[in-house]
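Here is a briefing on a predicted model. Look over the sequence and the structure first, then read the points below.

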Amino acid sequence: MNSHDDLTNNTNDLLSLRLPKLRVERRAMLWWAMRSAIIGGLILGAVVTGYVLYEPAQVWLVVPLIVIGLTLIVKVLVEPVWRYSVHRWEIGQFASYATSGWLVREWRVSPMSRIQTVDAVRGPLEQLLGLATLRITTASSYGAVKIVGLDYTVAQEAASRLAVVAEVAEGDAT
Amino acid sequence: MSADISHGGVAEPNEDVDQWRGLSIRVVLVDFVKSLVTLSPAVIAVLVFDVEPKFNTMWPFLVFGAWGVLSAVADIIRWLFTRYRITETEVERRTGVIVRKHRSVRRDRIRSIDTHAKLRHRLAGLRIVTIGAGQQTNAGEAAFVLDSLARRDAELLRQELLRERASSPFDADLSYVPDGEACDLSDGAAQSHHVEVFARFRPHWVLYNMFSVWAYLSAAGLLWGAYWLASTFGVNLIVVSSRWVNWDQQGWVGITIIGLIGGGLFGALSMGVNFFLGYWNFELTRVHTETTSFLRTRRGLLSTREVSRDESRVRGLSISEPLLWRWITMTDTNLMTTGLSIWDWEQPSAILPRGPRGIALDVSARVLGDPSPLAVLLPRHPRAALRRRLWWATAVTGITIGLVAVPVATQTTPQWVLWLALALWPLALLLALVAYRALGHAIVGDYVVMRSGTMNRTTSALRRDSVSTIAIRQSVLQRRLDVCTVATMTSAGWSTYEAPDVAADEATVFASRAAPGLVEEFLVTRP
C-alpha cells in the first residue's frame, strides 16, 4: 500500500511534524515591534481623542482604553520575542513549510506542484530594515505561505529558485 | 453592418473553419420593451385614473424612462460590436467600441456553462450564456457573458463547447416534460441514454424554502413596493390599513408583534411563491459527453436557468443544516468546484434546492460515489473541545459584562442592561454544547470529511488529491487542552475547510492523510 495507509497501521501518537530548519532574521523582532507600535499607536490615539473630545462617551471608553493600552505594551514588548522563537521556514523537496504566530501558532505546508506565484515583497518598514516577505501562493485564496522577516537577498534567492520549480510543475495547479 | 448577423456574421479571411458569430438583434427590442413596461404604471395612473402627475411620486419613473432609453442605445452598440467564435482550442469574444476587448478562453479550461433566460428573453426566444473558467472568478473579473443569443445559437454553442454527443432530438421519453418547456428540455431528454437523472422537483420542498430570515426582508421589500406603487395612484396604504388596525392605539409593542407575525407570514408566503417560480421543473442530471461528464441543473417557471458544471472540476460536496430547522432535517447542498462563484446571488454551486437531508445524501452518494462520505458516522471530538467552547462562551459573557460594568456602576445605564449581559451566559453555554456536538472529521476513501458549525452545521467532503495547502493551528488555550485545528485549503468553494479541535496526537496523522504525500518529508517519529 502507499505511504498514507501505512501511517494508520502505526500507532497514531508516534508521528509529529518536526520544526522547519531555518530561523528568520533577528531584525524581524524590531520590525514586529515597530509595526505594532505604529498601528496600536494610531488606534490608541483615536480612542484617546474620542475620550478627550466627547465627554458623554468617557464612561464607555474607560475599559476599552485600559485594554488597548495593555495590548499595545504586550504587542511591542512580548509579541516580537515570542514570534521570533516560533517563526521558522524551510523549502523542502516537494513542499514549502513554515511555522508562524504567537498566541495562535500555525504549521503550514504547501506543495511545490501547486505553486502559482512566488514573490519577495517589501513594505516600507521592511525596506528600512533590509527585510523581505516571501509569499508563495497556490490556487486557493487562503493557501498562500507567507514567510516574513527574511533577509532581502535570501528571500529573493528562494523566490527565484521556487519560480523555476513552479515552471516545471505541470497542469493548471487547481 | 450586415443584416444576417444571426447566420454567421462577418467571416475572417484567415479563419476558414470557425466563423465569427453575433448576438441576436432581439435583445435591443426586449430591453426596450422592458423599460416601456416599467413605465406603464405611471402612464396608466395618469391616463386612466386621472392622477395629476407630481414630481415627488413620478421621479422614479422619469429615472426608469431615461435609463430605458440609455440602455437601448447601449444595447444597439453592444449588438453591433460583439462577436464570438469557437475554434478547435478556444472560445473568443470581441466587444466594445472605444475600448476594444478581446477575450479568449481555452476550451479545456471551461468549468461551467450557464444558460439563463428571464421571461422577456423566453418570449423573444433569447438566452444569456455565461461561460465560467476558474481564473476569472478568482480575480474578480467579469465572466465571459454573451447577452443575448438566439435560443438555437445558445444551444448550439453549449453543445459545441461541451462536445455533447450528437443525437436526434425526439428519440426519448418526453412524457414528463410539460408542454411549455418541451423545446427547452428536449435535447437533454433526448440523450436519455447518456443522461442520469439524480433528482426532480418535488412540490413539498416548498416547506423547506418558506422559512428563513430572508422572509422578513422579502416582506419588507414587497410591502414597500406596494406602498410606493399605490402612492402613484394617489392611495396611501397606511391610511387604508387603519380601517382594520388602529395604529395609534397599538403602542410600539403591539406594532412590533403585528409586524413580526404579519411580516413573517406574508414573507413566508412570498418565499413559497418565489420557490415555485425559481425551482419549477427543477432537474439535476449527469450528462455524459465524449471526454467528461457534466452535472446539469435546470429550473425555473418564468425565468429559467440551466447550469452545466464540468465534473472533472468537482472537488467535493458540502451540506449545511441550519440549527433552528434541524428537526425537519432542512439541508442545503453545495458543490465544491473551481470556477463557480460562491458569492453569486443565483448560487450556481447549489445543485439542489433547500430540502430534506435524505435527498441531499442520496444525491451526494451518486455524485461522490456510494456509500456517500457525507453519510458516514463521525466519531466525537475530544472532551477538551467542549471545554474550549465553554471557556469561550464564558469569556464572551465576561467581556460583555466588562464593557457595561462602568456605565452601570456610575448609573449612566439602567441596571437591566447588566442582567441582560448576564443572561447571555446560559445561552452561550448552550450554544457551546451545540457547537461541540457538531464537530467531526474522518477520512473516507478519496475524501476528507469535516463537520463543524453552530447555527449552520456544515459537513464537507473534499477530494484529498485537491488539497493544496495544509495548516495546523494551535492557540494558547488549545495547547493547554491538547487539541489543534486542521485546515485544508483548496481552490474550490470556500477555499478553506477546517476540522476544529482535533486531538493533538491525531492531528498530524489526520493532516498527512488528508493531503497524501504533502507533509511526509517533515514528519518525525516522536521519542
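In chain A, α2(A) passes α3(A) in a left-handed crossing; a crossing has that hand if the near helix is turned anticlockwise from the far one by less than a right angle, and is right-handed if clockwise. This is a predicted model: local features need pLDDT of at least 70, side-chain atom pairs count only at pLDDT 80 or more, and totals for chains, interfaces and linings use all residues. Residues are numbered from 1 along each chain as its sequence is written, while chains are lettered from A and ligands numbered from 1 in the order in which they are written.

**Helix pair in chain A**
- The axes of helix α2 (residues 27-53) of chain A and helix α3 (residues 58-77) of chain A come within 10 Å and cross at roughly 170 degrees.
- α2(A) is therefore roughly antiparallel to α3(A) (angles over 145 degrees count as such).
- Axes are lines fitted to C-alpha atoms, for helices over the stretch in contact, and angles run from 0 to 180 degrees between N-to-C directions.
- Helices (H or I, at least four residues) and strands (E, at least two) are DSSP runs, numbered from the N terminus.
- The α2(A) side of the contact includes A:Ala33, A:Gly40 and A:Leu44; the α3(A) side includes A:Leu61, A:Ile68 and A:Leu72.
- Contact requires C-beta atoms, placed from the backbone, within 7 Å.
- The residues of this contact divide into twelve nonpolar, six polar and one charged.
- Ala, Val, Leu, Ile, Met, Phe, Trp, Tyr, Cys and Pro count as nonpolar, Asp, Glu, Lys and Arg as charged, and the others, Gly among them, as polar.

**Chain A against chain B**
- 36 residues of chain A are in contact with 40 residues of chain B.
- β18(B) gives the most to the side of chain B that touches chain A, with seven residues.
- That side of chain B has 15 nonpolar, 18 polar and seven charged residues.
- Strand β5 (residues 104-111) of chain A pairs with β18(B) in the antiparallel sense over six bridges; pairing needs at least two DSSP bridges.
- A:Trp107 stands opposite B:Ile472 in β18(B).

**A:Glu106**
- A:Glu106 sits in strand β5 of chain A.
- A:Glu106 is partly exposed, because 17 other C-beta atoms lie within 10 Å (20 or more means buried, 12 or fewer exposed, in between partly exposed).
- Not counting residues up to four places away in sequence, A:Glu106 touches A:Thr99, A:Ser100, A:Gly101, B:Ala471, B:Ile472 and B:Arg473.

**Chain B overall**
- Chain B has 14 helices and 21 strands.
- Of its 527 residues, 32% count as buried.

Key:
Parallel < 35°, antiparallel > 145°, perpendicular 65-115°, else oblique. Contact = placed C-beta atoms within 7 Å.
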